[in-house]
Amino acid sequence: MGHGHSMSFHVSRRLLRELCGHAGRAIDRLPRLIFNRGGLMAVDGSLSMIAIWLAWQLRFDFNVPENYQAAVRVAAVALLLVRPACLWMLGAYRAIWRYFNLGDAMTLCLAAIPPTIIMLMLRIGWLQYHPVAVLPLTVIVVDYGVFVVLGVGTRSLRRYLFEASVGGS
């Protein structure tokens, strides 16, 4: 298994690097409009909707009860607007995605916390008046985690593809 397996690994790795280089160059040819603040906020709004949808799906094993459907929709629309606004106000859009680094990741993680705190406060306040909570705690926590993974992952992928397009490692 020695030499042949090692050779195929190196060939696969080289092909993957070439493919990423082509993908990075293709992304660089996209209109700059996509990469302005509004375009990036639209990406984060979309990632927010995916994160909250996935959090609800995981909470209910991909079978969200009918009485929660309105809460799912309200949460998705609210996060579509609120999370990118918080990221903007707290400086997460100062980073250039092609040069995304660990400091930028920390800023993103911290700037994504306010919507989670808002949801927790709504959950606690709502619980006083309605014993059956509309926003489960697990949904709030999972939403934050999924958004951070998607946000950092998207930005890291952009950086990797950029570096591959200019021949970096």
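## Largest pocket

In this predicted model, 14 residues line the largest pocket, and V74, A75, M119, L122 and L135 are the ones nearest its centre. Helices α3 (69-89) and α5 (113-129) are the elements that give two or more residues to this lining. The lining holds 13 nonpolar residues, no polar residue and 1 charged residue. The space in the largest pocket is about 350 Å³.

Rolling a probe the size of a water molecule over the atoms shows where empty space is left. A pocket here is an open set of points on a 1 Å grid over the protein atoms alone, where a 1.4 Å probe fits, with protein on both sides within 12 Å along at least five of seven lines; lining residues have an atom within 4 Å of a point. The volume is the space filled by probe spheres set on the points, which are joined across faces, edges and corners. Ala, Val, Leu, Ile, Met, Phe, Trp, Tyr, Cys and Pro count as nonpolar, Asp, Glu, Lys and Arg as charged, and the others, Gly among them, as polar.

## Second largest pocket

The second largest pocket has about 230 Å³ of volume. Its lining consists of R32, F35, N36, R37, L40, Y93, A95, I96, W97, R98 and R158. By class, 6 of these are nonpolar, 1 is polar and 4 are charged.

## D44

D44 sits in helix α2 (residues 37-59). Leaving aside residues up to four places away in sequence, D44 touches P84, L87, Y93, W97, F147 and R155, where a contact means heavy atoms within 4.5 Å. Y93 and W97 also belong to the lining of the second largest pocket.

## Fold and confidence

The protein has 6 helices and 0 strands, taken as DSSP runs (H or I, at least four residues, for helices; E, at least two, for strands). Of its 169 residues, 34% are buried. Among contacts with a separation of 6 or more, 76% join residues 24 or more positions apart.

Mean pLDDT (the predictor's confidence in each residue, from 0 to 100) is 88, and 90% of residues reach 70 or more. Confidence is lowest in helix α1 (residues 2-28), with a mean of 77, and highest in helix α4 (residues 102-111), at 96.

## Conventions

Residues are numbered from 1 along each chain as its sequence is written, and side-chain values use heavy atoms, without hydrogens and water. Local features need pLDDT of at least 70 and side-chain atom pairs count only at pLDDT 80 or more, while totals for chains, interfaces and linings use all residues.

Terms used
Buried means under 20% relative accessible area, exposed over 50%, partly exposed in between (1.4 Å probe, protein chains only).
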